[in-house]
Amino acid sequence: MSNPYQPSNLPAPQHPAPVYQQFYVQPQPKGASVTAMVLGLVSLFLGFTFVVPIVGFIFGLVGLSKEPAGRGMAVAGLVLNGLMLLGWVLLFIFVFGIFGAVATSGTMT
């Protein structure tokens, strides 16, 4: 019998090498990009106001310059809000053009 307190000739147990895993965490878009897209959708479906597309366009520019993770949402917000602003500008030109034509076409008898 061997003495339990004496070292044996057996090799020491080997521990497996630690496995290091790298996790990739995708950065999440911040508020400006999401806000630009949401305001673009709101202005598209509820396009009766002129202020919402302006605010959404500004948020889109801020999101595009400061949030690279939310670039797609910022571009979508810029496009939607830009289209609504273009629609408002064309509507103002059309309405003021008609009023201007009516005002200058008075009948002289």
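**Helix packing**

H1 and H2 are roughly antiparallel to each other, since angles over 145 degrees count as roughly antiparallel. Their packing angle is about 150°, and their axes lie 8 Å apart. Axes here are lines fitted to C-alpha atoms over the stretch in contact, and angles run from 0 to 180 degrees between N-to-C directions. Helices are DSSP runs of H or I, at least four residues, numbered from the N terminus.

A word on the source. This is a predicted model: local features need pLDDT of at least 70, side-chain atom pairs count only at pLDDT 80 or more, and totals for chains, interfaces and linings use all residues. Residues are numbered from 1 along each chain as its sequence is written, and side-chain values use heavy atoms, with hydrogens and water left out.

Now H3. Helix H3 covers residues 71–104, which is 34 residues. At 1.5 Å a residue it should span 50 Å, and its end C-alpha atoms are 48 Å apart, which agrees. The expected span is 1.5 Å times one less than the number of residues.

Which residues of H3 are buried? Ala74, Gly77, Leu78, Leu80, Asn81, Met84, Leu85 and Trp88. Buried means under 20% relative accessible area, exposed over 50%, with a 1.4 Å probe and protein chains only. What do the buried residues of H3 pack against? Helix H1 (31–45) and helix H2 (51–66). Contact means heavy atoms within 4.5 Å.

Last, Gly72. Gly72 is in helix H3. Gly72 is exposed, at 52% relative accessible area.

Definitions and conventions:
Helix = DSSP H or I, 4+ residues; strand = E, 2+ residues; numbered from the N terminus. Parallel < 35°, antiparallel > 145°, perpendicular 65-115°, else oblique.
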